[in-house]
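Here is a short report on how one chain is built and how it meets its partner. Keep the model open as you read.

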Amino acid sequence: MQSTEVYLAHFVSLILYIGSLIVWLRSLVKGGRGSDPAVAFGLASLGVLIHVYALILFTYSYHQLPLTGIGPSLSSLALVIGLALLGTIVFGEGRRVGIVVIPVIILLETVAVVLGVEPSFEVMDFQGAWFSLHVMMAFVGLGGMTLSFAASSLYVIQLGELNNKRMGRLFQFTPPLVTLDRISRVGLVTGFVTFTLALVLGWFWTISFRQSLDQLNPKVMWSIMTWFVFFGVLLTRNLSRMKPQRGAWASVLGFAVIVMSYIALRIFVSTRGFFL
Amino acid sequence: MIPVAVVGVSHKTAPVGVRERFSFTNAEALALLESLRDYSGMTEGVILSTCHRTELYVCSGSDFDLIDSAVSALKRKAGDLVGGTDQYLYHYSGMQAAEHLYKVTAGLESLVFGEAEIQGQVKEAYNLIRNSSTDRPLVGPILNRLFQSALAVGGRIRSETPVGQGAASVASVAAGLARKIFGGLENRTVMILGAGSTAELVVESMERNGISELLVSNRCLGHAQKLASRFSGRAVHFTEMSFSLKEADILVASTSAPYTLVTLEGFRDALGGFREKPLLILDLAMPRDIEAEVGGEPNVFLYNVDDLKEIVDDNLLNRKASIPVAHDIINESVSSFLDWNQTLEIVPVIKDLRESWDQERKNQLEWLWKKLPDLPEDEKEVVSGFSKRLINKLLHEPVSRLKKGVGNGKGEDFLEAVRYLHDIQDLASESAEDSEDDSVLGHSD
């Protein structure tokens with residue numbers, strides 16, 4: 001019964017996210033005019049709220065945080081990305097990055113629901129507050145990267161529109177370059193800092209419990225690679241301040257590398273049921 | 001038939017020299033409408049007077065010739081014109097008048113197709129007359145409904161179609177580009193090279209969006225100072241132009257120099273390397289002031305006059321592509337205005353029908369009270385109540401069907417049948433007959 005409620009709440013939030021995406025797309029077709037952006041953002045906010053409820057229900061039902069096991073982890077990651085989207089409200093028109101962020105959330109939550117938002121029986125070396133902090137900071141890092149990717153994608157599109165001297169619906173819908181650049185930078189810096197802290201915490205506790213770091217563990221491999229991607233993107237941005245489009249492309253490609261490597265590791269290396 | 005007519009003159013029918021003769025101030029508009037109401041059969045009226053059009057919307061409760069009165073009123077206003085006034089005036093009546101107002105409000109009849117300002121002007125004209133403190137109101141149910149629906153139609157067309165989308169002038173395209181690059185224009189510095197009229201329009205448009213500083217550079221410092229003072233800006237000597245370029249976020253070039261003022265090399269020298277912040281350059285000069293290669297520099301967005309014109313043309317083309325959808329919305333709205341107008345016609349018939357049946361009910365109750373003189377008062381009340389209920393029940397179905405029939409466009413036939421079957425007089429024809437009788441009497445005198 002409890003499990004049904006968790007699924008039901010996930011399903012409702014998923015419907016709200018899909019509704020939000022539909023309204024974003026309609027808004028794009030209309031060039032961002034009218035109340036559609038506000039409605040889409042409202043639906044996404046409601047989806048996040050229900051999503052929070054779903055994961056609270058999970059925690060109460062199973063007496064554990066939704067941070068282990070692929071279903072709960074992906075759902076939590078989707079929620080963190082959703083919360084990051086809500087944060088874009090301070091950037092005004094910048095909240096339109098929702099048109100890129102929402103599909104990512106939908107994809108993650110759908111996979112989570114399909115694979116099962118149920119507790120994993122993964123044997124952990126350590127649990128407790130430090131572990132939760134480690135995972136949550138890693139999720140915030142990935143959320144920041146997703147936000148940076150979304151803003152950078154729109155930046156590249158808007159730059160193309162400006163350079164090709166087109167002022168169509170895409171141009172009208174897409175937020176100003178300066179706003180997108182700011183969102184991308186905030187997402188990336190926040191993401192890098194929290195992800196680095198997550199890795200340091202992970203390294204420290206693994207060394208404490210196991211005395212050594214298993215470098216062939218897919219989680220470790222992916223985390224280290226992700227950190228280097230983060231670092232590379234930040235470096236590119238800082239070295240090419242005169243050419244912000246290069247920084248935007250770096251964010252887009254960095255995100256793609258992280259996602260592709262995750263999928264590759266899951267398919268070829270990882271064990272079923274684990275986050276990685 | 002909708003008892004509305006419009007007579008007007010617009011940019012499509014008359015040049016500005018003629019249009020200004022038809023222009024009304026608020027006081028003049030009110031005075032004319034009051035005079036039309038007092039001395040002709042007009043019951044309601046609104047005057048829309050803008051730079052590009054003057055239109056007189058009138059409505060009458062009877063059959064008098066609305067258009068003739070309105071035309072005469074406008075002719076009096078314009079006075080004598082070479083070749084006569086008729087050649088400049090257009091007029092529509094009934095559904096066409098309603099359709100015309102809907103098109104005007106949506107901007108489909110505007111000089112700049114789809115512009116939004118007209119919506120506000122229609123609202124202002126309507127509110128002026130509606131809120132005027134004349135002894136009798138100049139706007140009644142019909143024009144109230146017509147103007148409110150026109151404003152709703154205008155809003156709907158703008159939100160459901162791209163009719164108002166995309167900038168439609170060089171100045172607004174420039175302001176739109178600046179907004180999409182910098183977000184807001186607050187804390188942005190604009191620099192003008194030269195002092196052309198288009199550059200002035202662009203600066204005006206940007207100033208409305210709150211730029212923080214304006215620099216004006218011209219070969220003649222006096223001209224630069226004059227323009228700078230108009231916009232509370234700062235004049236910069238032409239020789240110092242390259243130094244000021246570093247400060248600028250937006251550069252508007254519109255000199256009449258016969259050669260390129262800013263070459264790629266000169267631009268790089270002026271900046272002393274690459275720019276970190278974006279620079280929007282609008283080269284409105286002919287020949288161009290800025291070398292095209294400057295547009296290839298990082299963080300530089302260069303648009304020349306052809307680019308801007310092309311964007312304007314594209315936007316106008318997009319706006320015009322929405323005409324079929326806009327017309328569908330207008331047709332739908334005209335049709336629902338017509339339906340509403342037809343329901344107005346049945347109100348007096350239903351009222352008369354009810355009164356006639358109620359009178360008959362009272363007559364029958366009088367007869368009954370005489371037959372039953374000992375009937376106590378409380379029982380009389382019960383019987384009276386029952387009679388009312390019975391009449392309401394009996395009339396409910398026919399009245400509902402009558403309303404539906406009118407809604408389906410069979411209004412005239414159904415109303416005629418009800419009048420005939422229930423012996424209800426048509427007040428309009430009755431008054432027409434009365435006036436005919438009067439005239440016959442007058443002749444015989």
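## Overall form of chain B

Chain B has a radius of gyration of 33 Å, whereas a compact globule of 445 residues would have one near 22 Å. This comes from a predicted model. Along the principal axes, the C-alpha atoms of chain B fill a box of roughly 115 × 55 × 35 Å.

## Inside chain B

Chain B contains 16 helices and 10 strands. Of its 445 residues, 47% count as buried. Now take the contacts in chain B with a separation of 6 or more: residues 24 or more positions apart account for 71% of them.

## Where chain B meets chain A

The contact draws 26 residues from chain B and 23 residues from chain A. About 2000 Å² is buried between the two chains, and carbon and sulfur atoms give 59% of that area. In chain B, Gln165(B), Lys180(B) and Glu276(B) lose the most area to chain A. Together they make up 33% of what that side buries.

## Pairs and parts at the contact

Chain B and chain A share 2 salt bridges. One of the residue pairs that form a salt bridge is Lys165(A) with Asp307(B), whose closest N and O atoms are 3.9 Å apart.

Which parts of chain B supply at least two residues each to the side that touches chain A? They are helix H6 (141-160), helix H7 (170-182), strand E10 (300-304) and helix H12 (305-321). H7(B) gives the largest share, 7 residues. By class, this side of chain B has 11 nonpolar, 8 polar and 7 charged residues.

Technical notes. Residues are numbered from 1 along each chain as its sequence is written. Chains are lettered from A and ligands numbered from 1 in the order in which they are written. This is a predicted model: local features need pLDDT of at least 70, side-chain atom pairs count only at pLDDT 80 or more; totals for chains, interfaces and linings use all residues. Side-chain values use heavy atoms; hydrogens and water are left out. Contact means heavy atoms within 4.5 Å. Buried area is the accessible area (1.4 Å probe) that two parts lose on being put together, summed over both. A salt bridge is a side-chain nitrogen of Lys or Arg within 4 Å of a carboxyl oxygen of Asp or Glu. Helices (H or I, at least four residues) and strands (E, at least two) are DSSP runs, numbered from the N terminus. Ala, Val, Leu, Ile, Met, Phe, Trp, Tyr, Cys and Pro count as nonpolar, Asp, Glu, Lys and Arg as charged, and the others, Gly among them, as polar. The radius of gyration is taken over C-alpha atoms; the globule rule is 2.2 Å times the number of residues to the power 0.38. Buried means under 20% relative accessible area, exposed over 50%, partly exposed in between (1.4 Å probe, protein chains only).
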